[in-house]
Amino acid sequence: MDEKEYKISTKCVQAGYRPENGGPRQIPIVQSTTFKYDTGEDMGRLFDLEASGYFYTRLQNPTNDYVAAKIAALEGGTAAMLTSSGQAANFFALFNICETGSHIVASSSIYGGTFNLIAVTMKKMGIDVTFVSPDAGEEELNAAFRENTRAVFGESIANPALTVLDIEKFAQVAHAHGVPLIVDNTFPTPVNLRPIEWGADIVTHSTTKYMDGHGVAVGGAIVDSGNFDWMAHADKYPGLCEPDDSYHGIIYAERFGQEGAFITKATTQLMRDLGSIQSPQNAFYLNLGLESLHVRMPRHVENGRAVAEFLRTRPEVEFVNYPGLPGNPYTELARKYMPNGGCGVVAFELKGGRGAAERFMRALQLIAIETHVADARSCCLNPASTTHRQLTEEQLKEAGIPAGLIRLSCGLEDKEDLIADITQALEVSA
């Protein structure tokens, strides 16, 4: 039976690594910066990309490659790579096809750090952006494109606004303009949503979240679908379709084809020069999390929905945002893309605004205040004063993040204990 035919749960456990006869059953941690070769010619072929292998962990490492292969299998992609963080993954995915003078179309409803990366840091590099509402119609989306647009970016479930991206619509518009759609799929994970099946070309992850699942290792991943035809749009992507002088004139799209060009360039060029590698030890931890991802995600969803339904009954709460709840504006999209549920993150606003949010969080006993989300232990924060504090009030409004919003990540505890802790904290916050 081919690995591609396995169910998602089997891929979580088995994909990416096949031990040889007498080899280690678990993915080995290759904790080495360098690799030994018998001759300089052997190593030279690696530097010329004429042979596969390893010579320096800043570029590639066997442990990382095993785990990246598992994530590629989970997402249904053809190639993948690990990065030091989710932020690095998004930067590499965009910068791999953008340069000074390029333009990006991005959903305005994305994680604050990614918004800042695109709107501020990449703008300093000469890469411009037009932000559009995740709810934008095709006419508005089409109007955002320019002659120099090179990518469309969005989050499948936005952090923390919990808007649901209409992946199919965004993909169709992106492809009509000859550019790829990049989707950050951190919150649903491939257990609940696989964007490539809906037209996305590149998928990114902060593996720090549900994929790791235990809050022990920061990391990121990029997966290429292998579906975007770079050579058909060669004038837009010279980095992939014209000779790379730093690698003896290699043309990535010709040498490695649609299925391997994007990740090969990101590895051999960006990782070589910027060095945002994930450590082999962290990759090992990540794989341990992946092996139980299919078991954990349903419990996160169960707890998230139970807490969301409870919060809707409380007089202290202004509104509750959880995709899939009756009346939620993204219920239909959530059902379309994530019939088994999305994630365990709930966003809600207290009627007392930021002050009530601060009182609520101080009163919590079981649920911790953390700059984190999506692991086994429940946690919460106020995005306006933490992860999104660099945004202006207008930008907060555009991103769907009121100043008094609470982002609550429901872990794997008993849902009745979570609701009891929330109940006593709400009583204090009023």
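Glu168 and Lys336 are joined by a salt bridge, in which the closest N and O atoms are 2.7 Å apart; the term stands for a side-chain nitrogen of Lys or Arg within 4 Å of a carboxyl oxygen of Asp or Glu. The two partners belong to distant parts of the chain, since Glu168 sits in helix 7 (residues 167-176) and Lys336 in helix 13 (residues 331-337), 168 residues apart. Helices (H or I, at least four residues) and strands (E, at least two) are DSSP runs here, numbered from the N terminus. The model is a predicted one, in which local features need pLDDT of at least 70 and side-chain atom pairs count only at pLDDT 80 or more, while totals for chains, interfaces and linings use all residues. Residues are numbered from 1 along each chain as its sequence is written, and side-chain values use heavy atoms, with hydrogens and water left out.

How exposed are the two partners of this salt bridge? Glu168 counts as partly exposed because its relative accessibility is 29%, and Lys336 counts as partly exposed at 33%; buried means under 20% relative accessible area, exposed means over 50%, and partly exposed is what lies in between (1.4 Å probe, protein chains only).

By the rule given above, the count comes to 10 salt bridges. One of them joins Asp273 with Arg272, with the closest N and O atoms 2.7 Å apart. Glu302 forms a salt bridge with Lys415, and there the closest N and O atoms are 3.2 Å apart. Because Glu302 lies in helix 12 and Lys415 in helix 16, this pair ties together parts that are 113 residues apart in sequence. Glu302 is partly exposed, with a relative accessible area of 39%, and Lys415 likewise counts as partly exposed, at 32% relative accessibility.

The axes of helix 12 (residues 293-311) and helix 16 (residues 415-429) come within 10 Å and cross at roughly 35°, where axes are lines fitted to C-alpha atoms, for helices over the stretch in contact, and angles run from 0 to 180 degrees between N-to-C directions. The crossing of helix 12 with helix 16 is right-handed; a crossing is called left-handed if the near helix is turned anticlockwise from the far one by less than a right angle, and right-handed if clockwise. Which residues meet where these helices touch? From helix 12 come Glu302, Asn303, Ala306, Val307, Phe310 and Leu311, and they meet Lys415, Leu418, Ile419, Ile422, Thr423 and Leu426 of helix 16, contact meaning heavy atoms within 4.5 Å. Sorted by class, this contact has 8 nonpolar, 2 polar and 2 charged residues, where Ala, Val, Leu, Ile, Met, Phe, Trp, Tyr, Cys and Pro count as nonpolar, Asp, Glu, Lys and Arg as charged, and the others, Gly among them, as polar.

Aromatic rings are the next topic. A search of the whole structure finds 13 aromatic pairs; rings of Phe, Tyr and Trp (its six-membered ring) pair if their centres lie within 6.5 Å, and planes under 30 degrees apart count as stacked, over 60 as edge-to-face and the rest as tilted. Phe228 and Trp230 form a tilted pair, 4.6 Å centre to centre and with 55° between the planes, and both residues are buried. The pair of Trp230 and Tyr237 is edge-to-face, because its ring centres are 5.1 Å apart and its planes stand at 85°. Trp230 and Tyr237 are both buried. Ring pairs link Phe228, Trp230, Tyr237 and Phe262 into a cluster.

Some backbone details can be found in the loops. The peptide bond from Asn159 to Pro160 is cis, with omega near 5°, and Pro160 is found in the loop between strand 4 (149-155) and helix 7. Leu162, placed in the loop between strand 4 and helix 7, has a positive phi of about 65° although it is not a glycine. Leu162 counts as buried because its relative accessibility is 0%. Ala374, in the loop between strand 10 (368-369) and strand 11 (379-381), has a phi near 70°, a positive value in a residue other than glycine. Ala374 is buried, with a relative accessible area of 0%.
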